[in-house]
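Please check each one against the display.

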Amino acid sequence: MPKSPDSDPVAGQDSPAWTLLDRDGLVDAYRDVVAPAMRADDLDPGTEQPTYEWLNDNGFRRFIYTLQEHHDTTVTEFCKQDLGLEVQGYDWGIDHADTIDALERYLDRQQQRKSWSESTIDAHRSRLGRYVRTYATVNDTDDLLSPVARESTVAAHEAVDACWATFDELDQEVARETLRRIYITVSDWYTTLVSRREAALNPTDGLDYNWSGDDAGTTSNPPLGPEHVESLFEAARDTREKLLVVALCGWGLRSGEVAALHADQIVLDDDAPRIEFESRKNGPGSVALIYGQAAVVERIAQFEPDPDWSGYLFPSPRSSSGHRTGGTIRNWFDDLAERAALPETIDGHRPVPQMARRFWYDRYSSTVEELVEHQIQEIAEEQGSASATVVWDDYLSEDRRRELRREFMQEKLADAFAVQR
């Protein structure tokens, strides 16, 4: 015979009529009914919060429903506020209490409404955590609520830009399928905030084309064209903007790497000018300064007379890190792209710094292809070799290959920047 909604057998007795209880009554009923059931299951009600899975399995679904629908709270909030339990929470990696509360409330409600398992909750918590930590790094704030709040003083387009810049950064750090999962979870979180009137907009709207497509190959940002790079460099007015264009388009750096560039990373006094990185996405490494050395020399010369200069090429006196954020680099790029009269969309995509990085890779890959197909092919034919690739890989030293790549890449970049090396 089916149970009535307020009758859940526990320890041989019916549960109370949960929906009729006020908060004090819920506390008493919890201690009279739930706590003994926990002890019988070797749980300590004085220190442990019961999971939703345990509550559902032990006949307390109506208790969960009552908290949600009649008291607008969650099990976690009830245990903290009404029972005084010191519930050990997930380390979100941010300090903004209201944002953390909003994240926890979302997960609690999803678990209640959709009966998510603990493993499902952990997966969604991990995705949200990755997003909020990246958001804090990119935008130099861990307050994700104020920009989208109903009474926010932040312009809507700025809130959207902050969100999109975060996904741009994540696109550099995680696989596309992982990015798609993060997008789905984050979008649903914002949607929930809007539906509960805790937010005025969902800043992920419009990102579904870029991030959630089934065909990852069709959603990648295209490269800038040489004409776009030329326009950007011509529009640059000072050493900051010139170095910005060179670092993005001429060196292929990520926005965050550009923001944190330090003079100590720049090596110019040997046969292989380069930027040294102690840590990158794929580990330590260096980036060859094939082009644009004059821009970084000029930028360093601007700051060297200042005894208080920190060494960062894009310093920030207000940031605890001492340098600008990736979000700032993106904002500067947007301003420069507008002044350079770049198209509003390029192959259907709004111009972003990642397209500059794609430009560099496009130039580099075409350089290697042309070297192998044309220059090295002649050598292969003279030597009677069947493959230019074999000559490139097996008969040219690494120093010679690097010399050829630098020579051809310099020409390609000089053509794009339309200036002398």
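1. Asp42 sits in the loop that runs between α1 (23–40) and α2 (52–57), where helices (H or I, at least four residues) and strands (E, at least two) are DSSP runs numbered from the N terminus. The phi of Asp42 is near 60°, a positive value in a residue other than glycine. Asp42 counts as exposed because its relative accessibility is 72%; buried means under 20% relative accessible area, exposed over 50%, and partly exposed in between, with a 1.4 Å probe and protein chains only.

2. The model is predicted, so local features need pLDDT of at least 70 and side-chain atom pairs count only at pLDDT 80 or more, whereas totals for chains, interfaces and linings use all residues. Residues are numbered from 1 along each chain as its sequence is written, and side-chain values use heavy atoms, with hydrogens and water left out.

3. Asp140, in the loop between α6 (118–139) and α7 (156–173), also deserves a look, as its phi is positive, about 60°, although Asp140 is not a glycine. With a relative accessible area of 46%, Asp140 is partly exposed. For background, most residues other than glycine have a negative phi.

4. Among the buried residues of α5 are Thr99, Leu103, Arg105, Tyr106, Leu107 and Asp108. The helix is followed by Ser115, whose phi is positive, near 55°.

5. The largest nonpolar core has 47 residues, of which Leu224, Leu232, Cys249, Trp251, Leu253, Ile275 and Leu313 touch the most other members. Such a core is a set of buried Ala, Val, Leu, Ile, Met, Phe, Trp, Tyr and Cys residues joined through side-chain atoms within 4.5 Å. The elements that give two or more residues to this core include α11 (226–235), α12 (239–250), β2 (274–277) and α16 (353–382), and α12 gives the most, with seven residues.

6. Leaving aside neighbours within four places in sequence, Leu313 is in contact (heavy atoms within 4.5 Å) with Leu243, Leu261, His262, Ala263, Val296, Arg299, Ile300 and Phe303. A second, separate core of 32 residues includes Leu107, Leu128, Leu144 and Cys163.

7. An open sheet of three strands has the order β1-β2-β3, with antiparallel pairing; two strands pair if DSSP finds at least two bridges between them. Because β1 and β3 stand at the edges, each with a single partner strand, one side of each is left without a neighbour in the sheet. Strand β1 (residues 266–267) pairs with β2 over two bridges, and a hairpin of six residues joins them, while β2 and β3 (residues 285–288) pair over four bridges.

8. Ile275 of β2 is the bridge partner of Ile266, and in β3 the bridge partner of Ile275 is Val287. The covered face of β2 consists of Ile275 and Phe277, whereas Arg274 and Glu276 form the uncovered one.
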